[in-house]
Amino acid sequence: MHNAGFTALGLPYTYVAFKTTDTDFAIQAMRKLGIRGYSLTIPHKERGSVLVDRLSVEGRRIGAINTVVNDGNELVGYNTDCLGIDQALLEAGVDQRGKRVLVLGAGGAARAAVYCAVSGGAGEVIVYNRTPTRAESLARDFNVKAWDYTWTWPSVLSETDLLINAAPIGMTGDNSSVEYPFPLEILSSRYAVFDMVTRETALLAEARKKRATVIPGSRMLLFQALGQFQLFTGENAPLGAMESALMSALAE
Ligand code: NAP
């Protein structure tokens with residue numbers, strides 16, 4: 001997406017992927033090599049936020065960053081995931097105001113989803129996570145509810161408006177072996193279902209079958225990248241070029 005954008009605008013940048021598990025080293029390399037920008041993904045988002053010199057409001061509040069901009073050797077951390085979530089919801093016609101939002105996961109993406117729901121005026125936000133203590137900690141940070149194990153899925157889902165999968169459930173492998181914390185059959189058309197995973201998952205397939213409003217992770221991926229592009233280059237991102245690059249990559 002970024003390279004397609006640079007080409008479309010004739011900008012002298014190139015975007016490459018670095019694979020590392022050493023966040024501290026990678027951030028130092030940015031200073032030493034004069035790299036203009038990073039996109040950060042799993043597992044660098046939270047550690048990255050304590051290594052930069054300055055954080056945007058979203059980066060500080062979420063406690064995780066997906067973007068670093070090297071501004072004259074000052075490293076500034078941003079989080080454009082919330083922008084990506086907001087834009088994807090807006091495109092699908094989903095308004096969180098006053099609604100019940102249920103978030104699966106308690107990592108960096110879930111933190112962005114909860115921040116976004118709270119700042120978007122959601123009426124109630126509930127966090128469910130495989131490891132309950134992490135859900136409790138996230139819920140405490142944002143003053144929302146953690147899943148209570150006396151609740152049942154049907155009773156909570158019957159009052160839920162927006163279900164967000166912010167865990168990598170369904171990210172790899174075949175859909176039949178994927179394990180969600182509730183039986184997918186209980187989904188109905190009353191929900192909007194937002195799956196941050198960028199492939200067609202069993203969750204999305206069931207939501208489509210039930211005629212629920214579906215928000216695929218690929219839309220968030222596009223919109224968060226448009227925000228990054230603007231931060232990296234100072235230019236408005238060329239939507240058409242970046243969207244077609246993403247669609248071709250996802251189709252491969
Ligand atoms: P992360 O910080 O590693 O957090 C992962 C969370 O998912 C943790 O709460 C973890 O639970 C839970 N989890 C992991 N494997 C699980 C499983 N098999 N079953 C149930 N829960 C599981 O990751 P992240 O950065 O938040 O990313 C989460 C997902 O969002 C990934 O799939 C990522 O690709 C996606 N994402 C998409 C976009 C986009 O633009 N579409 C942007 C950001 C992230 P424990 O606490 O129990 O380990």
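Visitor: Which residue of E4 does Arg-54 stand opposite?

Guide: Arg-54 faces Val-76 in E4. This is a predicted model, in which local features need pLDDT of at least 70 and side-chain atom pairs count only at pLDDT 80 or more, while totals for chains, interfaces and linings use all residues. Residues are numbered from 1 along each chain as its sequence is written, and side-chain values use heavy atoms, with hydrogens and water left out.

Visitor: What is the order of the strands in the open sheet of four, and what is the pairing?

Guide: The order is E1-E3-E4-E2, and the pairing is mixed. Strand E1 (37-39) and strand E2 (54-55) each have a single partner strand, so they are the edges, and one side of each lacks a neighbour in the sheet.

Visitor: Which strands does helix H2 lie across, and at about what angle does H2 run to E1?

Guide: Helix H2 (residues 23-33) lies across E1, strand E3 (67-71) and E4, and runs at about 155° to E1. The axes are lines fitted to C-alpha atoms (for helices, over the stretch in contact), and angles between N-to-C directions run from 0 to 180 degrees. Pro-43 is joined to Ile-42 by a cis peptide bond, with omega about 5°.

Visitor: What are the order and the pairing in the open sheet of six strands?

Guide: The order is E7-E6-E5-E8-E9-E10, and the pairing is parallel. Strand E7 (145-146) and strand E10 (213-216) are the edge strands, each pairing on one side only. Helix H5 (residues 81-91) packs on this sheet and touches E8, E9 and E10, with its direction at about 145° to that of E9.

Visitor: How many bridges join strand E5 and E8?

Guide: Strand E5 (residues 100-104) and E8 pair in the parallel sense over four bridges. Within this pair, Leu-102 stands opposite Leu-163 in E8.

Visitor: Why are H1 and H10 called oblique to each other?

Guide: The axes of helix H1 (residues 2-9) and helix H10 (residues 217-233) come within 11 Å and cross at roughly 55°. Angles under 35 degrees count as roughly parallel, over 145 as roughly antiparallel, 65 to 115 as roughly perpendicular, and the rest as oblique. H1 and H10 are therefore oblique.

Visitor: Which residues of H1 and H10 meet?

Guide: His-2, Gly-5, Phe-6 and Leu-9 in H1 meet Ala-225, Gln-228, Phe-229, Phe-232 and Thr-233 in H10. This contact has five nonpolar, four polar and no charged residues. Ala, Val, Leu, Ile, Met, Phe, Trp, Tyr, Cys and Pro count as nonpolar, Asp, Glu, Lys and Arg as charged, and the others, Gly among them, as polar.

Visitor: With which residues is Leu-11 in contact, leaving aside its neighbours within four places in sequence?

Guide: Leu-11, in the loop between H1 and H2, is in contact with Phe-6, Phe-229, Thr-233 and Glu-235; contact means heavy atoms within 4.5 Å. Leu-11 and Glu-235 are 224 residues apart in sequence, and their C-alpha atoms are 9.7 Å apart.

Visitor: What makes the crossing of H6 and H7 right-handed?

Guide: A crossing is right-handed if the near helix is turned clockwise from the far one by less than a right angle, and left-handed if anticlockwise. The crossing of H6 and H7 is of the right-handed kind. The axes of helix H6 (residues 108-119) and helix H7 (residues 132-142) cross at roughly 35° and come within 11 Å. The contact of H6 with H7 has six nonpolar, no polar and two charged residues.

Visitor: Why is the protein chain called as compact as a globular protein of its length?

Guide: The chain has 11 helices and 10 strands. Its radius of gyration is 18 Å, close to the 18 Å that the globule rule gives for 252 residues, so the chain is as compact as a globular protein of that length. The radius is taken over C-alpha atoms, and the rule is 2.2 Å times the number of residues to the power 0.38.

Technical notes:
Two strands pair if DSSP finds at least two bridges between them. Helices (H or I, at least four residues) and strands (E, at least two) are DSSP runs, numbered from the N terminus.
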